[in-house]
Amino acid sequence: MSVIEGQEEEIDVFSTRLDGIEKSGIRKIFGMADEKSIHLGIGEPDFNPPPHIAVALKEAVDAGYNKYSPILGLPELREAIVERMKRYKSDITMDNVMVTMGASSGLALSSMAFYEPGDEILFPDPGFVFYKPHSMIYRAKPVCYALKHEHGYVPQPDEINELVTEKTKAIIVNSPSNPCGSAFPKEVVRGIIEIAEDNNIVIISDEVYDEIIYEGEHHSFLGDYENVVCLNSFSKTFAMTGWRIGYMVSSPDIIEHISRLQYYAIACPSTPLERAVLAGLHGPLDFIQDMVQAFRRRRDVIVDRLNNIDGFDCLKPHGAFYVFPSYDFKINDTDLAIHFLEAGVVSTYGSAFGKRGQGHIRFSYANSVENIEKGMDIVSDAVADLERN
Ligand SMILES: Cc1ncc(COP(=O)(O)O)c(C=O)c1O
């Protein structure tokens, strides 16, 4: 039972939905950092949005785009999103698209729309910190599937299949992955879709890093299977995590149902932001390639540095901007992250992303090569006196 503590009488005001819901472990560590720390913790590009998008935001406000937008988002923006998403699903139309407040609100609304008490929800471990609490809020049972080092942190469809029961309602997938940086090959995407089709399971696909891919191309879960909800966002693509704007792509029926929830949750997306990202989609997109190019250089530096420190084993990520090395020092991952923080580097302990994250540390390489090099010098010195397993 949830209560307000520290009062003379404990008053029971909160819904049981809050039971077991804790503050994210990621934020705990960030709160302990000071300005001098080298930040390899945070999951956001260190760039600014392209200038023409910032100009378009101001122009939108000046031109009077300050009123409510349609619940689903501005038609012209939905149309521009359709054009971009056609590479994944050629027959997509505006009816497949709703603008959201970042992928975060799309994920939250999806859980609200699908999860019921007793449902089983499959989610990746290690995986992004939202998935498990979302199922807990709706009293659905979170069931994790493993992302393993020996499989390059790519899920194995046969292992997922073994976890499916008649209670399985949804499977959450995230490629490229936060925190692992893995990108799923086409066969894996196809294999998971087949399992979902055979068992009438909804796929909730978090594809916020689809543009940040280093080898080959991104394989989306969008396609012929109707029960796929794909969440995407401008947060990472246009380096605007603070703007809070993203989108959902799904079947017209699912979009119509979830748009009802969107109305009662947020009324509508932000009109001036919609105008600004529309200008972004219509304008030159070389910003994205330049950003990915910078991330690729940084990835190569950090992977190389980590693998040259005895005790770390770091796979080369294929997407997103995180490395997730395992280590064999005699220290748990929370204490190791604190040890690094005291030495001057912010990282995130692996178990913040699930039980299987134990024995790992996540470093974000959304920072300059110079800072990554400095950070790795500090990390290298900080582990020198740690005992090995
Ligand atoms: C895998 C993943 N999904 C969703 C989000 C949230 O994205 P948004 O800023 O669009 O809400 C993040 C942010 O870090 C993420 O890493």
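In this tour, a contact means heavy atoms within 4.5 Å. The model is predicted: local features need pLDDT of at least 70, side-chain atom pairs count only at pLDDT 80 or more, and totals for chains, interfaces and linings use all residues. Residues are numbered from 1 along each chain as its sequence is written, and side-chain values use heavy atoms, with hydrogens and water left out.

**First stop: A183**

Select A183, which sits in the loop between β5 (168-174) and α7 (186-199). Helices (H or I, at least four residues) and strands (E, at least two) are DSSP runs, numbered from the N terminus. With a relative accessible area of 17%, A183 is buried; the classes are buried for under 20% relative accessible area, exposed for over 50%, and partly exposed in between (1.4 Å probe, protein chains only). Now display its partners: leaving aside neighbours within four places in sequence, A183 is in contact with V154, S175, P176, I213 and H318. For a distance check, pick S90, which is 93 residues from A183 in sequence and 22 Å from it in space, C-alpha to C-alpha.

**Second stop: two cis peptide bonds**

Remain in the loop between β5 and α7, where P176 is found. A cis peptide bond joins S175 and P176, with omega about -10°. P179 lies in the loop between β5 and α7 as well, and a cis peptide bond with omega about 20° joins N178 to P179.

Most residues other than glycine have a negative phi, and most peptide bonds are trans. Select N200, in the loop between α7 and β6 (202-206); its phi is near 55°, a positive value in a residue other than glycine. N200 is exposed, with a relative accessible area of 58%.

Select R362 in strand β14 (residues 361-364). Finally, display G41: its backbone oxygen lies 2.7 Å from a polar atom of the R362 side chain.

Terms used
A polar contact is a pair of N or O atoms within 3.5 Å; within protein, one must be able to donate a hydrogen and the other to accept it, and residues adjacent in sequence count only if both atoms are side-chain atoms.
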